[in-house]
Amino acid sequence: MTLYVENETEVTYPFDVEQTVEEVAAAVLDTEGCPFQAQINVLLTDNEGIREFNRQYRQIDRETDVLSFPNLEFVTPGSFRIEQGQEADCFDPDSGELILGDIILSVERIAGQAEEYGHSLRRELAFLVAHSMLHLCGYDHMEPEEAAVMEQKQEQVLTSLGITRELV
């Protein structure tokens with residue numbers, strides 16, 4: 001897996017962000033049975049930065065905690081079947097990796113939500129990455145049944161990594 005992690009803010013964390021993102025992303029892909037090596041872009045930005053992406057790409061003029069931009073269109077969530085003729089749009093020609101998509105995170109929302117929910121910054125970052133990775137794998141939470149599936153999968157991944165809700 002290739003991760004491109006960029007932090008365009010001055011915020012630093014008391015843990016290795018890239019390592020945490022890689023652990024969570026790999027766990028999601030393993031859980032989903034992704035048969036390919038994947039490529040994922042992650043951007044850490046501030047509230048204004050994420051608000052601009054939200055406005056530009058979703059026509060929603062407000063900040064949010066995380067945005068997910070999948071590169072693949074899934075007929076069935078977690079089914080990594082690539083339609084014949086679509087390979088050029090899905091794979092990096094140099095590395096052969098599946099271009100899964102982009103994740104954008106608000107560092108301010110990570111801090112605020114960690115405090116609000118009473119857990120560590122690492123837990124909040126990991127939760128948002130797991131959530132976004134599931135979007136990149138075709139999952140959504142528009143309906144209650146879909147939300148329940150995503151919540152269960154997120155918790156399963158974080159528990160398997162020992163990333164708990166306890167303050168660290």
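Helix α1 and helix α6 (residues 144-160) pack at an angle of about 120°, their axes lying 10 Å apart, where axes are lines fitted to C-alpha atoms, for helices over the stretch in contact, and angles run from 0 to 180 degrees between N-to-C directions. That angle makes α1 oblique to α6, given that angles under 35 degrees count as roughly parallel, over 145 as roughly antiparallel, 65 to 115 as roughly perpendicular and the rest as oblique. The crossing of α1 and α6 is right-handed, a term used if the near helix is turned clockwise from the far one by less than a right angle. In this pair the contact (heavy atoms within 4.5 Å) is made by Val24, Ala27, Val28, Thr31 and Glu32 of α1 together with Lys153, Gln156, Val157 and Leu158 of α6.

The model is a predicted one, in which local features need pLDDT of at least 70 and side-chain atom pairs count only at pLDDT 80 or more, while totals for chains, interfaces and linings use all residues. Residues are numbered from 1 along each chain as its sequence is written, and side-chain values use heavy atoms, with hydrogens and water left out.

The protein chain holds six helices and four strands, and along the sequence these follow the pattern β-α-β-α-β-α-β-α-α-α; helices (H or I, at least four residues) and strands (E, at least two) are DSSP runs, numbered from the N terminus. For 168 residues a compact globule would have a radius of gyration near 15 Å, and the 16 Å of the protein chain agrees with this, the radius being taken over C-alpha atoms and the globule rule being 2.2 Å times the number of residues to the power 0.38. The C-alpha trace spans about 45 × 35 × 35 Å along its principal axes.

The four strands form an open sheet of mixed pairing, in the order β1-β2-β4-β3, where two strands pair if DSSP finds at least two bridges between them. Because β1 (2-7) and β3 (66-70) stand at the edges with a single partner strand each, one side of each is left without a neighbour in the sheet. On average, neighbouring strands of this sheet are turned by 10° against each other, direction ignored. Strands β2 (residues 38-45) and β4 (residues 98-106) run parallel and are joined by eight bridges, and Asn41 stands opposite Asp102 in β4. Helix α4 (residues 107-117) packs on the sheet, where α4 touches β2 and β4, and its direction makes about 65° with that of β4.

The axes of α4 and α5 come within 8 Å and cross at roughly 115°, which makes α4 roughly perpendicular to α5. The contact involves Ile110, Ala111, Gln113, Ala114 and Tyr117 of α4, and Leu121, Glu124, Leu125 and Leu128 of α5. The axes of α1 (residues 17-32) and α5 come within 9 Å and cross at roughly 40°, and these two helices are therefore oblique to each other. Among the residues in this second contact are Val21 and Val28 of α1 and Leu125 and Met133 of α5.

| α4 with α5 | seven nonpolar residues | one polar residue | one charged residue |

Key: Ala, Val, Leu, Ile, Met, Phe, Trp, Tyr, Cys and Pro count as nonpolar, Asp, Glu, Lys and Arg as charged, and the others, Gly among them, as polar.
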